[in-house]
Amino acid sequence: MKKYTQYIIVLVAALVFVPSSAFAATVYLETAKNSISVGDTAIVTVKINADAATINTVEGNISIKSPANNVVVQEFSLANSAFGLWPRTPSLSSDGKTVSFVGGVPGGFSIEGATVFKIIVEAKAVGQVTIAPEAFSAFANDGKGTVIPVQGKGITLSVTPKQNGAQPNNEWQKVVAADTVPPEDFIIVLGQDKSLFDGKKFAFFSALDNQSGIDYYDVSENGAPAVRSGSTYVLQNQIDDIKLDVVAHDKAGNKKNSSYSGSGDEGISWPAIAIVVVIISLAYLGYKKWRGGKKNASPAL
C-alpha cells in the first residue's frame, strides 16, 4: 500500500504544481504505408503533438471518407496510448463513417508524437480513402478545463487491386499473434464523489498492455457472476463490505487478475482517492459534452 500511496502522491503533485501553457496541439494520423491492396488489414495510429501545452483530456472524431466503402473498421487498440482513462472508448458510428472518443491522462503530458489510439481497417474495394481528425478538443492540465486549440492533419489511403496469388497482408493479426505477454499488474481503488455516478461508490482500475492493448475487464463483486466492464465500475452493494475480483483481458486473450477486499468506507477514506476523483472528473467533462442530448447513451468508463 505504501508504494501505491507514494505513486498517487506524485500524481497529485503533478496536477497541482506542473504549470500548463495552453498554446496549441496537433492531431495527426500515421500508417506503415499509404497504399494497401484489397484484402489487406492496416493499422492507422492517431497521434498528438502537445506543442508545449500540458494536456490531460482530449475528445473528438475521426472521419472516414470512403464513398465506395473502400475500407471498413475492424478493431480499435489502446496499446501504448498516452491516455489511461476512457470515459468513452473509441467507438464507430452506425454508418461506419465516424470514430468518436473521450480520453484522459493523470497529471497531463507535454510530449510530441504521443499515441492516442489505433484504428484497424480492412481494405474492401479499390479507391481512395481519406481518414482525418474532426471536431477535436483538448483541455489543459490547469484545473480549469481550459480549451487548447487543436489542428488536425489527415491521411489518404490508396486501395489497389489484389495481386494474383498474393496472400492478404494483415498487420494487426501479426501484432496479436506475437502478443504472449499478459497485461501489467494493476490496483483497484474505491471512491465516491457527489458529482460522479449520482454520488454512488465506485471502483477504478486501469491496466496497461503495450502489445495488443486492453480489450475489456471482468468484474465479480462479492462472489457474484462476473460482468464485463470498462475501467470504472459502480458498486452494486453500497452498504456492506466489498470483495472485488477484476480480470483484465488483452486483445490476444492474455489476462491479469487483481483483487480488493475490505470496507468501502476504508477505501474512500484513503487520502489518495482524491487524485482518482480528479482524474475521472476531468475526463468526465469531455464525456458529458460529447453526450449532449443523447439521453440513451451510456458511458464506457
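Q: In this predicted model, which residue of β17 stands opposite Phe202?
A: That's Val234. The strand to look at next is β14, residues 202–204, which pairs with β17 in the antiparallel sense over three bridges.

Q: What is the strand order of the sheet that holds β14 and β17?
A: Read across and you get β13-β14-β17, an open sheet of three strands with antiparallel pairing. Going from one strand to the next, the twist averages 25°.

Q: Which strands stand at the edges?
A: Look for strands with a single partner. Here those are β13 (189–191) and β17 (232–234), so each has one side left without a neighbour in the sheet.

Q: Okay, on to cores. What do nonpolar side chains tend to do in soluble globular proteins?
A: They tend to be buried together. In this model, the largest nonpolar core has 38 residues. Ile48, Ile62, Phe117, Ile119 and Ile131 have the most contacts inside that core.

Q: Which elements give two or more residues to this core?
A: They're strands: β1 (25–30), β3 (41–49), β4 (55–65), β5 (71–77), β7 (98–109), β8 (114–123), β9 (127–140) and β12 (155–160). The largest share, six residues, comes from β8.

Q: How many residues does the second core have?
A: This separate core has 16 residues, including Leu190, Phe205, Ala207 and Tyr233.

Conventions. Residues are numbered from 1 along each chain as its sequence is written. This is a predicted model: local features need pLDDT of at least 70, side-chain atom pairs count only at pLDDT 80 or more; totals for chains, interfaces and linings use all residues. Side-chain values use heavy atoms; hydrogens and water are left out. A nonpolar core is a set of buried Ala, Val, Leu, Ile, Met, Phe, Trp, Tyr and Cys residues joined through side-chain atoms within 4.5 Å. Buried means under 20% relative accessible area, exposed over 50%, partly exposed in between (1.4 Å probe, protein chains only). Helices (H or I, at least four residues) and strands (E, at least two) are DSSP runs, numbered from the N terminus. Two strands pair if DSSP finds at least two bridges between them. Axes are lines fitted to C-alpha atoms, for helices over the stretch in contact, and angles run from 0 to 180 degrees between N-to-C directions.
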